[in-house]
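Q: Hi, could you walk me through this model? I'd like to go topic by topic.
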Amino acid sequence: MNHEWYNNFVDFIQLNNQNIYNEACEYADKIEELEDCEACYGQGYVHSNDEEGNDEIQKCDECEEFESDQDAREYYRDMGFPEFSYEEELFRREEDSDA
Ligand SMILES: [Zn+2]
């Protein structure tokens, strides 16, 4: 990739959407930090079970990348994993109540 092109690319994002630029930086930092965790293989979340034995995404307690299981699930969904759909309804409800 052309270096000047990349600089212009970054300038454009910084000028037009400071927020996404900052988020991209945080994301890249996060990935770097996470690489070492052996419990979640650097993902920040683990596949587990709830009290009823259903599959559940929970935050990794080793690296505490996410503040809550809900944050971990949100991240998981944002990554676009379709198999985690059983809680979609619940998730949507929780999201609505946040708004
Ligand atoms: Zn971890």
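Q: How many helices and strands are there in the chain?
A: The chain has four helices and two strands. Starting at the N terminus, the order is α-α-β-β-α-α. Helices here are DSSP runs of H or I with at least four residues, strands are E runs of at least two, and both are numbered from the N terminus.

Q: Where in the chain is confidence lowest, and where is it highest?
A: Helix α4 (residues 88–98) is lowest with a mean of 62, while helix α3 (residues 69–78) is highest at 89. The score, pLDDT, is the predictor's confidence in each residue, from 0 to 100. The chain averages 80, and 79% of the residues score at least 70. Where pLDDT is low, the predicted coordinates should not be read in detail.

Q: OK, the strands next. How do β1 and β2 pair?
A: Strand β1 (residues 45–49) pairs with strand β2 (residues 55–59) in the antiparallel sense, over five bridges. Pairing here requires that DSSP finds at least two bridges between the strands. H47 has I57 as its bridge partner in β2, and for S48 the partner in β2 is E56.

Q: And what sits between the two strands of that hairpin?
A: Five residues, and G53 takes a positive phi near 85 degrees in this hairpin.

Q: Which residue has a positive phi although it is not a glycine?
A: That is E64, with a phi of about 50 degrees. Most residues other than glycine have a negative phi. E64 belongs to the loop between β2 and α3.

Q: Is E64 buried or exposed?
A: E64 counts as exposed because it has 10 C-beta neighbours inside 10 Å. The scale is this: buried means 20 or more other C-beta atoms within 10 Å of a residue's own, exposed means 12 or fewer, and partly exposed is in between, with C-beta atoms placed from the backbone.

Q: How much of the chain is buried, then?
A: Of its 99 residues, 10% count as buried.

Q: Which residues make up the largest nonpolar core?
A: There are six: C40, Y45, I57, C60, F66 and A72. A nonpolar core means a set of buried Ala, Val, Leu, Ile, Met, Phe, Trp, Tyr and Cys residues joined through C-beta atoms within 7 Å.

Q: What is Y45 in contact with?
A: Leaving out neighbours within four places in sequence, Y45 is in contact with C40, I57, Q58, K59, C60, F66, A72, Y75 and Y76. Contact means that the C-beta atoms of two residues, placed from the backbone, lie within 7 Å.

Q: What about A39, what does that touch?
A: A39 touches V46, C60 and E62, not counting residues up to four places away in sequence. A39 is in the loop between α2 and β1, and counts as exposed because it has 12 C-beta neighbours inside 10 Å.

Q: Last topic: why does α1 lie largely in the open?
A: Because the number of buried residues among its 14 is zero.

Key: Residues numbered from 1 in each chain as written. Predicted model: local features only at pLDDT ≥ 70, side-chain atom pairs only at ≥ 80, totals over all residues.
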